[in-house]
Amino acid sequence: MNYIFAGSVPSDIHCAKEFVNLATRSLHSLIYDEEVSFDIKLIIQELLMNGVVHGNGLNRDKYVSLGIDYSSHCLRIQVQDEGPGIDVEEDCGTNMKCNGRGLQIVRALSDGVQLNGNEIIVIKTI
């Protein structure tokens with residue numbers, strides 16, 4: 001079964017939390033494992049919050065977009081903000097005291113992560 005979600009949210013923490021719930025609610029009918037569902041929700045939440053806080057600087061005039069594509073047991077999550085982007089190695093490296101902990105969580109829960117400036121694509125096999 002295929003599933004596609006696409007949408008965007010203003011850079012407001014409250015709006016982003018509601019948006020995460022909206023985006024993940026219908027995935028529950030496709031993914032029955034509660035632990036996997038929790039991991040997916042955490043991945044999406046971390047990515048959106050990074051975009052809202054770090055990418056767009058909580059500027060409500062800027063948006064964070066989310067795309068979810070699920071087919072053949074493969075989930076592809078794409079998040080893009082309107083910020084300048086991040087060079088994780090330059091900004092964080094392996095220093096867990098920096099603001100890169102959310103990305104470390106996403107990497108740990110995913111099968112692949114690709115950063116392209118202000119866009120991140122995450123792959124998770126279900």
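The model is predicted.

Start with helix H1, residues 13-25. H1 has 13 residues. From first C-alpha to last, H1 reaches 18 Å, close to the 18 Å expected at 1.5 Å a residue. At the start of H1, Asp12 is worth a look. A side-chain oxygen of Asp12 comes to within 3.1 Å of the backbone nitrogen of His14.

Now take the sides of H1. Ala16, Phe19, Val20, Ala23 and Thr24 are buried in this helix. These residues lie on the same side of H1, because they cover an arc of only 120 degrees around the axis. An α-helix has 3.6 residues a turn, so residues three or four places apart point the same way. On the other side of H1, His14 and Arg25 are exposed.

What covers the buried residues of H1? The cover includes strand S1 (3-10), helix H2 and strand S2 (63-71).

Follow the strands next. S1 pairs with S2 in the antiparallel sense, over eight bridges. Within this pairing, Gly7 stands opposite Leu66 in S2. S2 also pairs with strand S3, residues 74-80. That pairing is antiparallel too, and it runs over seven bridges. Here Asp69 has Arg76 of S3 as its bridge partner. S2 and S3 form a hairpin with two residues between the strands. In that hairpin, Ser72 takes a positive phi near 50 degrees. For side chains, a general rule applies. In a regular strand they alternate between the two faces of the sheet.

Helix H2 spans residues 34-55. One of its residues is Asn50. Is Asn50 buried or exposed? Asn50 is buried, because its relative accessible area is 17%, and the cut-off for buried is under 20%. Which residues does Asn50 contact, leaving aside neighbours within four places in sequence? The contacts of Asn50 are Gly55, Gly102 and Leu103.

Last, the cysteines. The count of disulfides comes to zero; a disulfide would need a pair of cysteine sulfur atoms within 2.5 Å. Cys15 has 23% relative accessibility, so Cys15 counts as partly exposed. Cys74 has 30% relative accessibility, so Cys74 also counts as partly exposed. The partly exposed class lies between under 20% for buried and over 50% for exposed.

Notes: Residues are numbered from 1 along each chain as its sequence is written. This is a predicted model: local features need pLDDT of at least 70, side-chain atom pairs count only at pLDDT 80 or more; totals for chains, interfaces and linings use all residues. Side-chain values use heavy atoms; hydrogens and water are left out. Helices (H or I, at least four residues) and strands (E, at least two) are DSSP runs, numbered from the N terminus. Buried means under 20% relative accessible area, exposed over 50%, partly exposed in between (1.4 Å probe, protein chains only). Contact means heavy atoms within 4.5 Å. The expected span of a helix is 1.5 Å times one less than its number of residues. The arc is that of the directions from the helix axis to the C-beta atoms. A polar contact is a pair of N or O atoms within 3.5 Å; within protein, one must be able to donate a hydrogen and the other to accept it, and residues adjacent in sequence count only if both atoms are side-chain atoms. Two strands pair if DSSP finds at least two bridges between them.
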